[in-house]
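Please look at the sequence and the structure together, and keep both in view while reading. The paragraphs below go from single elements to the way in which they are assembled.

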Amino acid sequence: MARKKETAARKTRAQTRKGRKTERVKRAGGAKKVRTSAAGVKTSTRTRKKGEATSAIGAKRPAGRKRAKGRQAGGEKPGWRDIPRGGLIVKAGNAETYETGSWRTKAPAIDFDRCTNCLFCWIWCPDGAIQVKDGKVVGIDLFHCKGCGICAHECPKEAIAMVDERRTTHVA
Amino acid sequence: MSHRGRRTGSGARVLRAPAPAKGTIVKALRGADAVAEAMRQVNPGVVAAYPITPQTDVVERFSEFVADGEVGTEFVTVESEHSAMSACIGAAAAGCRVMTATSANGLALMWEMLYIAASYRAPIVMAVANRALSGPINIHCDHSDSMGARDSGWIQIYSSTVEEVYDNVIQAVRIGESKDVRLPVMVMFDGFIISHLLERVRVLPDKKVQSFIGPPRPVYSLLDIDHPLTYGPLDLFDYYFEHKRQQVDAMEYAEKAITDVGKEYGQVSGRLYGYYEAHELDDAEVAVVALGSTASTIKGLIPEIRDERIKGGLLKVRLFRPFPTRDVVRRLSATKAVAVLDRSASFGADGGPLYLEVSNALGRAGAKTKVTNYIYGLGGRDISHEHIMRVYQDLTRMARGRLKPGTRYLGVRE
């Protein structure tokens, strides 16, 4: 009984949503959405398909559509029916897809002229947000960097400064 | 016209119960023994408990079953109730069937873990021998302990007789473990009044109980190393709300599970269970709503009340969470006045917890029934026949507009 009622209620909700959804889709129109950080750095891209809800909260997903893979930004998270019960994480290693970068108020800016590639920042970073290539620091992963400032504090050459994000110049 | 022996419109019990299972034995058991007996038959994987009056007899008796090898249970003797519930949660996360028992201050010490058990969707079964919360310290019955835990996310079942405690503990296992429910269940029985009262109990054969509950069906197991999972990660503003919404949903599913399990248990035991029991409500002008042992007392008094030419009925509420709002409206909206008996006070509120639920249900349904509240029996204070008669007499006056509804206190010295 309860389940039947729930389904019926869900259908009605979905119908009332439909009008709003179409309008939103029209506006979005399958356009490529580019998410940029406050620093103007491109962090992730995702194409919104036609008919796809812009918000997952309580939205009915089209059949066969797979859960958004990879990084999830705020506003694109699944609704309460689509997440494991009890706050459980049933897939290992999903910290990579969880954005902690939104917690940040200040971002590390690297002065590459001063950097000696000692990699102290890489060792100390609690989030593995220091990007290293061939033994050299190349940038900061802003999707995960919480802006804790440990890297700036530990850098022996004072090559990292915590600055207002609008003034950072590094490459993500 | 004689009213004696008439029992019409009694909730799920109007359905004709089948004959009791073969091999049912009638035993003389106290409430605490009945819980231990049900636990023995369920044979849970883990029991973690700490003794507290009047629950002590439950764990004492159960520890004998463990010592005698009558159960295969891992019995964890912990140093506090907080640890007891923590151990239960851990065992449930591992995929075990888990049971425990407590009372009053023990339940209070579990507080933090109660919410965690419910939010992790751990189907733990806990028997609660209702006792007044300190202070001042008191070991006797009232419902202040479990009523305080009413918003912790546990399913709450109240029992009125020793046999009901036994039946409820067995059903609780199935209810909590039901698909889409997966919630912990508290089975309440009045401290001393039921926990230490010797009554006849029709005990089912062990095999019947085992086949009724079936093997544990964990959805996830922490010990399943091929499918690693995380219990209790940080759940902030971006997910916590969704998880709480799921818990609301689980309670909605529980409504159906409780009905189904009650019916199925009726097929097995010959004793059908629903959300409530109604006595003489069909033609009732006035009615009383009560929980626990007091409901049994009132039930026994109904013939006398009818002899007094009072058209009085009784609604015995079995489930407090989820609360049977629809049933309350259906059964009570035709009456003129209803008295709700609360064995706990909600300080600063507009009445006791049960009253607030009933009055909200009837009010929202637009019923014209007058609802009044009586607080009684705090700290084990007796509720007498005279008290109950007075309630019904008050109700008849209220129905005629000669007495105003409000919160009154039964048996307190002025």
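A residue is called buried when its relative accessible area is under 20%, exposed when it is over 50%, and partly exposed in between, using a 1.4 Å probe and protein chains only. This is a predicted model, in which local features need pLDDT of at least 70 and side-chain atom pairs count only at pLDDT 80 or more, while totals for chains, interfaces and linings use all residues. Residues are numbered from 1 along each chain as its sequence is written, chains are lettered from A and ligands numbered from 1 in the order in which they are written, and side-chain values use heavy atoms, with hydrogens and water left out.

Chain B has 414 residues, of which 57% count as buried. Helices (H or I, at least four residues) and strands (E, at least two) are DSSP runs numbered from the N terminus, and chain B holds 13 helices and 15 strands. Contact means heavy atoms within 4.5 Å; among the contacts in chain B between residues at least 6 apart in sequence, 81% join residues that are at least 24 apart.

Helix 5 of chain B, residues 111–119, shows what burial looks like in one element, for its buried residues are B:Met113, B:Leu114, B:Ala117, B:Ala118 and B:Ser119. An α-helix has 3.6 residues a turn, so residues three or four places apart point the same way. The cover over the buried residues of helix 5 of chain B includes helix 3 (81–93), helix 4 (104–109), strand 5 (125–130), strand 7 (185–190) and helix 9 (240–269) of chain B. Just after helix 5 of chain B, B:Arg121 takes a positive phi of about 60°.

Further along chain B, six strands form an open sheet with mixed pairing, in the order 9-11-10-13-14-15, where two strands count as paired if DSSP finds at least two bridges between them. Strand 9 (276–279) and strand 15 (407–410) of chain B are the edge strands, each pairing on one side only. Angles run from 0 to 180 degrees between N-to-C directions, and axes are lines fitted to C-alpha atoms, for helices over the stretch in contact; with direction ignored, neighbouring strands of this sheet are turned by 20° against each other on average.

How many residues of strand 11 of chain B are buried? Six of its six residues are: B:Gly312, B:Leu314 and B:Lys316 point one way, whereas B:Gly313, B:Leu315 and B:Val317 point the other way. Strand 11 of chain B pairs with strand 9 of chain B in the antiparallel sense over four bridges, and B:Leu315 is the bridge partner of B:Ala278. With strand 10 of chain B, strand 11 of chain B pairs in the parallel sense over five bridges, and here B:Val286 stands opposite B:Gly312.

At another place in the sheet, strand 14 (residues 370–376) of chain B runs parallel to strand 15 of chain B and is joined to it by four bridges, with B:Asn373 opposite B:Thr407. Helix 12 (residues 353–364) of chain B packs on the sheet, where it touches strand 10, strand 13 and strand 14 of chain B, and its direction makes about 150° with that of strand 13 of chain B. Helix 10 (residues 292–307) of chain B lies across several strands, among them strand 9 and strand 14 of chain B, and runs at about 165° to strand 11 of chain B.
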